[in-house]
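Reader: I would like to go through the terms used for this structure one by one, setting each value against its definition. Could we begin with exposure?

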Amino acid sequence: MSSASLATALVVPLEQLRMTDVEAVGGKNASLGEMISQLAASGVRVPGGFATTAHAFREFLRHAGLTERISARLAALNVDDVKALAEAGAEIRRWVCEASLPPALDDAIRSAFAGLAAGDAEASYAVRSSATAEDLPDASFAGQQETFLNVRGIDDVLQRIKQVFASLYNDRAISYRVHKGFAHAEVALSAGVQRMVRSDLGSAGVMFTIDTESGFDDVVFITASYGLGETVVQGAVNPDEFYVHKPILKAGRQAIIRRTLGSKLVRMEFAPAQAAGGKLVRTVDTPPEQRNRYSLSDADVHELARYALVIEQHYGRPMDIEWGRDGRDGKLYILQARPETVKSQAQVEHRYKLKGHGTVLAEGRAIGQKIGTGRVRVVHALAEMERVQPGDVLVTEITDPNWEPVMKRAAAIVTNRGGRTCHAAIIARELGIPAVVGCGDATEKLGDGALVTVSCAEGDTGFVYEGLLETEVTEVRRSAMPYCPIKLMMNVGNPGLAFEFARIPNAGVGLARLEFIINTNIGVHPKAILDYPNVDAELKMAVESVARGHASPRAFYVDKLMEGVATIAAAFWPKPVIVRLSDFKSNEYKKLIGGSRYEPDEENPMLGFRGAARYISGDFGDAFAMECEALRRVRHEMGLTNVEIMVPFVRTVKQAQRVNALMAERGLVRGRDGLRVIMMCEVPSNAILAETFLEHFDGMSIGSNDLTQLTLGLDRDSGHEQLVGDFDERDPAVRAMISRAITACRATGKYVGICGQGPSDHPDFADWLAAEGIVSMSLNPDTIVDTWQRLAAAR
C-alpha cells in the first residue's frame with residue numbers, strides 16, 4: 001500500500017504492510033506484514049490479520065476530545081513520582097476506555113473482521129498493541145502495552161482495541177517515553193488483530209538470534225514451555241532452553257548444542273467461555289509427566305532455528321522473536337519479530353570477577369555477566385515498591401512491566417520464577433544490572449535488610465552470596481592484537497562461559513576439562529548411571545531426578561557430556577578445541593552422587609587410579625565408553641571436527657597402545673576425519689621415552705604441575721612451607737624434561753604445547769619456552785591479553 005493511502009487509511013490487512021510502514025502501524029504490525037509478504041516463500045508461517053493505523057488512533061482521540069486533555073495532563077507530570085504517575089495513568093486510561101470509536105473506524109474494523117472470520121463464529125483472536133516508536137533498533141518498547149488473547153466476536157474485539165489504545169498510557173509506557181526522550185504526542189498506537197495460534201494446546205516461547213548474555217552471534221537461543229507464551233514472557237515459568245549452532249544448522253547437521261529442562265510448573269490456557277470476571281485465559285498446573293519432558297521435539301527446535309535464520313538474514317540484524325506451536329495442526333508459527341536491542345547495541349564491555357566467595361544463599365539462572373551488591377529488599381506486591389531504595393537488591397516472586405519504575409532503582413534483581421527471556425531478565429539487561437531469576441525460594445532464603453552479593457559472572461548459574469564480596473572489574477578489549485610468535489590458546493572448563501571467552505583473542509582451546517562438565521552438568525558417578533536401576537532406593541531416586549527428560553540415565557550422561565563439549569567446540573569453531581578425557585582422582589570421583597559406593601580409598605590419589613589406567617581397566621571400561629560415545633557424536637553427528645582428544649596421565653607405552661585401541665573400537669580412530677589424539681606430558685616417563693610415545697599420539701601438551709611434582713618428588717597439594725617453596729616448574733630438572741619433550745615433538749613434526757599458568761605467572765619461563773620452540777601456550781582466559789601483548793613486544 002502506498003504511503004499516501006496509508007496516511008488516510010483506518011484499517012489495513014497485514015499482508016499489505018512492509019517495514020517502511022512503521023509510522024503508520026508501529027514496529028510490531030509492520031514487521032508482521034513484512035514477514036507475511038516477504039518470507040512466506042521461505043516457509044516462515046505467520047498468522048494473518050489486520051491492523052488499525054496511527055491515523056485511526058489520532059482520529060479516535062480527536063473524535064473523543066482527548067488530544068488536548070491528555071497532553072495537558074502529562075505536561076506537568078513528574079514520572080519519578082510513582083504515586084503521581086499511577087494516578088495520571090489511571091485517569092487517562094479511563095478516559096480512553098469510556099470514549100466511543102468514530103463511526104468510520106467502527107465500520108472499518110467490523111468489515112475487516114468479517115473478512116478475517118470468514119463465517120467461523122468459534123474462532124478466537126489475539127488483539128495486540130504496536131506503538132509507532134516500538135521496536136526501533138536502539139529502543140525497546142516491547143511489553144509496555146497490552147495484548148489480549150482468546151478474544152471472541154466483534155463486540156469483544158472492538159472493546160479490546162480500545163483497551164489496547166488506552167495501554168499507550170500505562171505507567172511504565174509513560175515513564176519509558178520520558179526517559180528515552182520521546183514526546184508523548186509523537187507516539188501513536190496501532191492495534192493488530194490476528195487469528196489465534198492454538199498454542200494453549202501446544203507450546204510457545206521466545207527465541208533470539210544471538211546469545212542474550214554474551215552477545216555471541218553464532219547461536220539461536222530458544223525458550224519453550226507448554227501453553228500460551230505469556231507465561232514465558234512474564235516469567236511465570238522456568239522454561240526449557242535450547243541453543244542451536246548456526247554453522248552446523250546451515251550444514252544440515254544435528255545442531256542442538258545444549259538443552260536445559262525447565263520446571264514448567266504452570267501453563268496458560270483459554271478460560272471457559274463463562275469464566276468468572278470475564279477472564280479470557282487462565283493459569284493451571286502443568287501435569288508432572290509434561291514437566292519431566294521437553295516441550296519441543298528436536299525437529300521442532302531445528303525448524304524454529306531455521307525460521308530464525310531466515311528472519312535474521314532478511315532484517316540484517318539480531319532479532320527477538322516470539323513463536324507458538326499450534327496444538328491442533330502441530331505447526332509452528334511466528335507471532336512477532338523485533339530487533340534485539342541490548343547486546344547488539346553494546347559499545348563498551350566490562351568483565352566482572354569475584355575475588356573471593358562466601359556462603360551461597362540462593363541460586364538461579366544468571367542474567368548478564370555482572371556482579372551487584374546491596375541490601376536485600378523483599379517485595380511481595382507492587383504496593384510495597386516505595387520500600388526499595390536506590391542501590392537495594394530487589395527480591396520478589398515475579399515482575400511485570402508495572403514494576404519497571406522501581407526496578408530502575410535496584411543494584412540487582414532476584415526472582416523466584418522466570419527464565420532468561422522473562423520480563424525481569426529483559427529489563428535487567430536493558431538497565432545493565434545483574435539478575436538471578438528462577439531461584440524458587442529466594443523470598444524465603446534472603447532476609448529483608450541483609451547485605452548480599454549477586455553474581456552473574458560465573459556462567460549459566462547466578463549466585464546470591466552472603467555479605468559484600470570484593471569484585472574486580474576490567475574493561476574488555478576487542479581491538480586487533482599484534483603478531484605473536486606463539487599460539488595462545490585458553491583453558492576452558494565451564495561450557496556456560498564459553499561464548500564469552502570465545503570473544504577474547506585466542507587460537508582455540510588448549511585444555512577443555514571433561515571432568516568439569518561431569519561435575520557441574522551431571523553430578524552423578526558414571527557407574528551409578530550404568531548400574532541403574534539395580535541400585536539402592538536413595539541412589540535410584542537421585543539418578544531419576546537428574547535424568548528427567550532423557551530416554552534413560554545412560555542417555556542423559558552421554559547427552560550432557562556431548563552438550564558440554566559441543567558448546568565449547570561451537571563457541572570456538574573452527575579453531576581447535578583439545579578436549580581432555582576425564583581426569584578425576586578417586587577422592588574427586590567420591591564427591592559425585594553415589595561415588596563413595598564405587599571408589600577405592602587411596603593414600604595418595606594423585607598417584608593412584610586415574611587417567612589412562614582407569615580407561616583400560618575392566619572396572620571402568622563401560623564408563624569410558626560413554627565418554628567416547630559423546631565425543632564421537634560431537635564429531636560425527638554434529639560435524640564439530642575441530643574437537644581433538646587429549647589423553648591424561650599415560651604412565652606406560654603399553655597404556656598408550658591400549659587406550660588408542662579402545663577409542664578406535666568405539667569409533668574414535670586416530671587420523672580418521674582429521675582426528676588428532678594428543679597426550680598429556682606429565683609423567684617423567686613421557687619425556688624420557690617421548691619419541692616412543694609419539695608413535696601413538698599426534699603431539700604432547702605439557703602438564704607442568706604434575707610434571708613438576710613427579711620430577712621433583714613433591715606433593716603439589718602439600719601445605720608444608722618448605723615443599724611449597726621448592727615447587728617451581730622453572731627448576732632445571734623440570735626444564736630438562738620439558739626441553740626433551742619439545743625437542744622430540746619438533747623433530748617428529750608433531751604438536752607441542754603447554755597448559756598451565758606458568759607462562760603467565762613467570763615471564764622468564766614464557767620466554768624460555770618460546771626459545772625452546774613451544775608451539776602453543778594454553779592459559780586461563782583472564783591472562784591471555786596481557787601475555788599476548790608481552791610476548792608480542794618481546795619478539
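Author: Let us start with the cut-offs: a residue is buried under 20% relative accessible area, exposed over 50%, and partly exposed in between, with a 1.4 Å probe and protein chains only. The model is a predicted one, in which local features need pLDDT of at least 70 and side-chain atom pairs count only at pLDDT 80 or more, while totals for chains, interfaces and linings use all residues. Residues are numbered from 1 along each chain as its sequence is written, and side-chain values use heavy atoms, with hydrogens and water left out.

Reader: What makes Asp80, Asp81, Glu87 and Glu386 a patch of negative charge?

Author: These four residues gather on the surface in such a patch. Asp and Glu count as negative, Lys and Arg as positive, and His and the chain ends are not counted. A patch takes residues with over 30% relative accessible area and no salt bridge, joining like charges within 9 Å (nonpolar side chains, namely Val, Leu, Ile, Met, Phe, Trp and Tyr, are joined within 5 Å).

Reader: How do you know that Asp673 is exposed while Phe649 is buried?

Author: Asp673 has a relative accessible area of 52%, and exposed means over 50%, so Asp673 is placed in the exposed class. Phe649, at 2% relative accessibility, counts as buried, because the limit for that class is under 20%. Asp673 lies in the loop between α24 and β27 (677–681), and Phe649 in the loop between β26 (643–647) and α24 (653–665).

Reader: What makes the backbone of Phe649 and of Asp673 worth a remark?

Author: Most residues other than glycine have a negative phi, and most peptide bonds are trans. Phe649, although not a glycine, has a positive phi of about 50 degrees, and Asp673, also not a glycine, has a positive phi of about 55 degrees. On the side of the peptide bonds, the one from Tyr532 to Pro533 is cis, with omega near 5 degrees, and the one from Trp573 to Pro574 is cis with omega near 5 degrees. Pro533 is in the loop between α18 (526–531) and α19 (537–546), and Pro574 in the loop between α20 (553–572) and β25 (577–580).

Reader: Why is the pair of Tyr615 and Phe624 called stacked?

Author: Rings of Phe, Tyr and Trp (its six-membered ring) pair if their centres lie within 6.5 Å, and planes under 30 degrees apart count as stacked, over 60 as edge-to-face and the rest as tilted. This rule gives a count of 12 aromatic pairs. Phe242 and Tyr294 form a tilted pair, 5.6 Å centre to centre with 50 degrees between the planes, and both residues are buried. For Tyr615 and Phe624 the centres are 4.6 Å apart and the planes stand at 15 degrees, so the pair is stacked. Tyr615 and Phe624 are both buried.

Reader: How do you know that Glu213 and Arg420 form a salt bridge?

Author: A salt bridge is a side-chain nitrogen of Lys or Arg within 4 Å of a carboxyl oxygen of Asp or Glu, and the closest N and O atoms of Glu213 and Arg420 are 3.5 Å apart. Glu213 lies in the loop between β6 (203–208) and β7 (219–226) and Arg420 in the loop between β18 (412–415) and α14 (423–431), so the pair ties together parts that are 207 residues apart in sequence. Both Glu213 and Arg420 are buried, and they belong to a network of salt bridges that also links Asp211, Arg258, Arg429 and Asp460.

Reader: What makes Arg259 buried but Asp298 partly exposed, given that their side chains meet in a salt bridge?

Author: The N to O distance of this salt bridge is 2.9 Å. Arg259, at 10% relative accessibility, counts as buried, whereas Asp298, at 34%, counts as partly exposed.

Terms used
Areas by Shrake-Rupley, 256 points an atom, 1.4 Å probe, with all protein chains shown as cover. Charge placed at Lys NZ, Arg CZ, Asp CG, Glu CD. Helix = DSSP H or I, 4+ residues; strand = E, 2+ residues; numbered from the N terminus.
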